[in-house]
Amino acid sequence: MAGAKAGAETASGDSGRIVAALLAWYAQHRRDLPWRAPPGARADPYRVWLSEIMLQQTTVAAVIPYFHRFLDRWPDLGAFAAAPREEVLKEWAGLGYYARARNLHACAGALVARHGGEIPRQESQLRALPGIGPYTAAAIAAIAFDAQAVPVDGNIERVLARLFALQAPLPAAKREIAALARAFLPLSRPGDFAQGLMDLGAAVCTPKSPDCARCPLARHCRARELSIAGDLPRRAPRKARPTRRACAFWLECGGSVLLRQREDQGLLGAMMEVPTGAWVEDGGFADHPREAPLKAPWRRVEGLVRHTFTHFHLEIRLWRADLPPGARPGPPMRCRWVPVEELAGEALPSVMRKLAALAARSG
DNA sequence: GATTCGTGGGA
DNA sequence: TTCCCAAGAAT
């Protein structure tokens, strides 16, 4: 912690000027985002909560259309809390990290049960809710309620690592960076300070080629002084991604296709899938459809679906069978017949939509 | 502390 | 093509 101590001392000397410069920059350059209130106004806590969950490890550009669809359909927390989980998962499909959607639904229930259908303003109470970790609790407290909190996201980690020229690699340096962030407290406008740092990180202090010439904090920045801004923060090297292989089974009958709901936990948990066999690392493709969910005249579909998850690549070979309209079997466990025209509205993650697209070309 | 958990865009 | 990584949380 010697580094953090030295950094904090540096910050205390400059912190007032840094905060002022950042707030002035933010007043001029703040992004106009759909979950933000006009300058000076306080944002709707429901929108802040929803947007912060969506923005976890997800780009603003990817979130915006989802945020609009959620808000059109569920304009306030009361409406959202009444939504069945299945509908939440359908609206979330394609955004990724589906535990967020499951936790979002669970969190709404907890807000109704424990907080009278309101979003609490205390960081500690927020932190106890499903899907809300240290970052999100601080972000909601600061942005929605102007509470004395400093959320530390990837942007702020990067800005602070550069400001103080921290050489320690992430993620080990997270605690040290959080300590530096807290050295800016107390703040007059915690929400604007946090969002200012995030906007700065997104627009100026970017990961690869920071635009120091346009940075309001340049005169305070140790990394710029050392000409290493673009090299910070350092990160521990990543492990290589292995490849897993699997077969999927597209069974069509009378214009409907057989889908299956995945197990509630784990990868793509509770989402719908084209039934697949085992996903085997360093495996080959079976020559026979022995893992098919039903007996049918299976034939191989030409081509391959490739998809990359966070920690492995997946290659899927598709098998297809078409049954006569009158011969539709009862759906096996966790399965359901879905009209092909209604696939778009199903809770299908992106990898499964790729399979549907391949099947459509094979039909 | 290390792993697991998605997706799409850009260099 | 390949790699990086974006408003992290849960285990």
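This is a predicted model: local features need pLDDT of at least 70, side-chain atom pairs count only at pLDDT 80 or more; totals for chains, interfaces and linings use all residues.

How far is the sulfur of cysteine 335 from the closest cysteine sulfur? The distance is 14 Å, to the sulfur of cysteine 253, which is too far for a bond.

Residues are numbered from 1 along each chain as its sequence is written, chains are lettered from A and ligands numbered from 1 in the order in which they are written, and side-chain values use heavy atoms, with hydrogens and water left out.

Across the whole structure, a search finds 0 disulfides, a disulfide being a pair of cysteine sulfur atoms within 2.5 Å. Cysteine 335 is buried, at 12% relative accessible area; buried means under 20%, with a 1.4 Å probe and protein chains only. Cysteine 107 is also buried, at 1%.

I turn now to DNA strand C. It is surrounded by 27 residues, and the closest are Glu52, Gly131, Thr136, Asp153 and Asn155; a residue counts as near if one of its heavy atoms lies within 4 Å.

A polar side-chain atom of arginine 31 lies 3.0 Å from a base nitrogen of DNA strand C. Glutamine 57 places a polar backbone atom 2.8 Å from a phosphate oxygen, and aspartate 153 has a polar side-chain atom 2.6 Å from a sugar or linking oxygen.

Technical notes
Buried means under 20% relative accessible area, exposed over 50%, partly exposed in between (1.4 Å probe, protein chains only). A polar contact is a pair of N or O atoms within 3.5 Å; within protein, one must be able to donate a hydrogen and the other to accept it, and residues adjacent in sequence count only if both atoms are side-chain atoms.
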